[in-house]
Amino acid sequence: MEVGFAPPVSGSWATPEHMVHVARRAELLGYHSLWTFQRLLVPADLGWSETYHSVQDPVTTLAFLAAHTTRIRLGVAVLDMPFLSPVVVAKQAATLDILARGRLDVGLGLGWSTEEYQATGASRHRRGRRAAEFVDVLRALWQDDVVEHRGEFYQVPPTRMEPKPVQRPHPPILLGGHAPEALRRAGRLADGWVSGSQADLEGIGEAVATVKAAAADAGRDPGSLRFVCRGAVRVRPAMPADREPLTGTLDQIRADFGRLAAAGITELFVDLNFDPEIGSPRADPDVSMRRADEVLDALAPTP
């Protein structure tokens with residue numbers, strides 16, 4: 001199982017200096033990837049988790065970090081398709097893949113925030129079919145010399161999009177979501193699946209199995225798919241045996257890595273942004289960085 005790390009993107013520690021420090025340190029220690037996430041708005045009453053109260057844009061952050069790294073892969077988990085145009089995403093992602101010299105992974109999801117749906121003018125109607133067509137348009141723009149698409153939701157007249165991404169035929173596409181149909185969609189259409197911060201890690205093997213079964217039913221090779229887990233790590237004093245996965249001491253958390261790999265996860269990235277003691281506007285950024293350095297060293301991949 002490959003191990004990645006999430007740079008600071010949420011809360012008080014999400015500064016340019018801290019982003020670069022974590023990205024370069026992760027690359028030096030042999031981490032496989034860096035991952036960001038998208039949050040456009042937060043309700044005025046701030047009723048959501050503090051992780052969502054102040055979040056940097058994920059694509060802009062990855063472009064910034066592409067200039068400060070050379071080897072480590074760069075992923076977004078996830079961009080919400082209903083809020084975006086596939087043409088704009090195709091252009092941004094192609095440019096970022098060029099800037100990063102072929103290191104981009106594109107995670108896509110459907111979104112869950114009612115406020116963001118309303119503010120972006122997006123519709124929940126038939127959003128699963130819309131997502132499938134979104135992926136079709138992306139692939140066409142990245143692969144074909146001339147693109148013409150006449151679909152139910154998107155219309156692209158005969159046009160060209162240049163330059164193309166470095167990765168051929170295109171950057172890997174990972175679909176998120178935890179509902180059965182979302183899992184099956186990932187198996188049918190994508191290069192893999194990426195879990196969310198609220199995923200049931202105890203039962204994640206069942207999600208992996210659902211994706212693989214859908215891939216097999218679609219005539220695809222389930223063994224070629226990637227299964228990426230957002231590891232919402234919370235380092236705490238020793239916890240009892242029935243603790244939540246990835247919460248506890250560093251030794252307990254590392255032991256969880258093995259269990260997730262046995263469940264079929266091929267990649268896990270450590271994400272401290274979802275720890276309210278770190279990824280919050282009220283957290284002390286210097287303390288957050290000291291804790292992040294400890295986690296970076298302790299959970300670094302073994303050669």
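This is a predicted model: local features need pLDDT of at least 70, side-chain atom pairs count only at pLDDT 80 or more; totals for chains, interfaces and linings use all residues.
Figure 1. The buried residues of helix 7 are Ile204, Ala207, Val208, Val211, Ala214 and Ala215. They fall within an arc of 130° when seen down the helix axis, so they line one face of helix 7. An α-helix has 3.6 residues a turn, so residues three or four places apart point the same way. On the other side of helix 7, Glu206 and Asp217 are exposed. The cover over the buried residues includes helix 6 (180-189) and strand 8 (192-194). It also includes strand 9 (226-231) and helix 8 (250-262). Helix 7 spans residues 204-217, 14 residues in total. From first C-alpha to last it reaches 20 Å, close to the 20 Å expected at 1.5 Å a residue. Just after helix 7, Gly219 takes a positive phi of about 80°.

**Figure 2. Helix 1 and its packing partners.** Helix 1 covers residues 16-28 and has 13 residues. Its end C-alpha atoms are 18 Å apart, which agrees with the 18 Å it should span at 1.5 Å a residue. Buried here are His18, Met19, Val20, Val22, Ala23, Ala26 and Glu27. These buried residues pack against two strands, strand 1 (2-5) and strand 2 (33-36). They also pack against helix 2 and helix 9 (285-298). Just after helix 1, Gly30 has a positive phi of about 95°.

**Figure 3. The largest cavity, with a volume of about 80 Å³.** The structure holds 2 cavities of 30 Å³ or more. Rolling a probe the size of a water molecule over the atoms shows where empty space is left. Residues lining the largest cavity include Val59, Leu62, Val76, Leu79 and Val89. Gln92, Ala93, Leu96, Leu104 and Val106 also belong to this lining. Helix 2 (58-66), strand 3, helix 3 and strand 4 each supply at least two lining residues. The largest share, 4 residues, comes from helix 3.

**Figure 4. The largest pocket, with a volume of about 920 Å³.** Its lining counts 39 residues. Of these, Trp112, Gly176, Gly177, His178 and Gly196 lie nearest the centre of the pocket.

**Figure 5. Two cis peptide bonds, at Val78 and at Pro169.** The bond from Ala77 to Val78 is cis, with omega near 5°. Val78 is found in strand 3 (residues 73-80). The bond from Arg168 to Pro169 is also cis, with omega near 5°. Pro169 sits in the loop between strand 6 (155-159) and strand 7 (173-175).

**Figure 6. Positive phi at Arg101 and at Arg126.** Arg101 lies in the loop between helix 3 (86-99) and strand 4 (104-109). Arg101 is exposed, with a relative accessible area of 72%. Arg126 belongs to the loop between helix 4 (114-120) and helix 5 (127-143). Arg126 is partly exposed, at a relative accessible area of 38%.

**Figure 7. The hairpin of strand 5 and strand 6.** Strand 5 (residues 147-150) and strand 6 run antiparallel and are joined by 3 bridges. Val147 stands opposite Thr159 in strand 6. The hairpin connects the two strands through 4 residues.

**Figure 8. The surroundings of Thr266.** Thr266 lies in the loop between helix 8 and strand 12 (267-270). Thr266 is partly exposed, with a relative accessible area of 29%. Leaving aside residues up to four places away in sequence, Thr266 touches Met1, Glu2, Leu225, Arg226 and Phe227. Thr266 and Leu246 are 20 residues apart in sequence. In space they are 16 Å apart, C-alpha to C-alpha.

Notes: Residues are numbered from 1 along each chain as its sequence is written. Side-chain values use heavy atoms; hydrogens and water are left out. The expected span of a helix is 1.5 Å times one less than its number of residues. Buried means under 20% relative accessible area, exposed over 50%, partly exposed in between (1.4 Å probe, protein chains only). The arc is that of the directions from the helix axis to the C-beta atoms. Contact means heavy atoms within 4.5 Å. Two strands pair if DSSP finds at least two bridges between them. On a 1 Å grid over the protein atoms alone, a cavity is a set of points where a 1.4 Å probe fits but cannot get out, and a pocket is an open set with protein on both sides within 12 Å along at least five of seven lines; lining residues have an atom within 4 Å of a point. Grid points are joined across faces, edges and corners, and a volume is the space filled by probe spheres set on the points.
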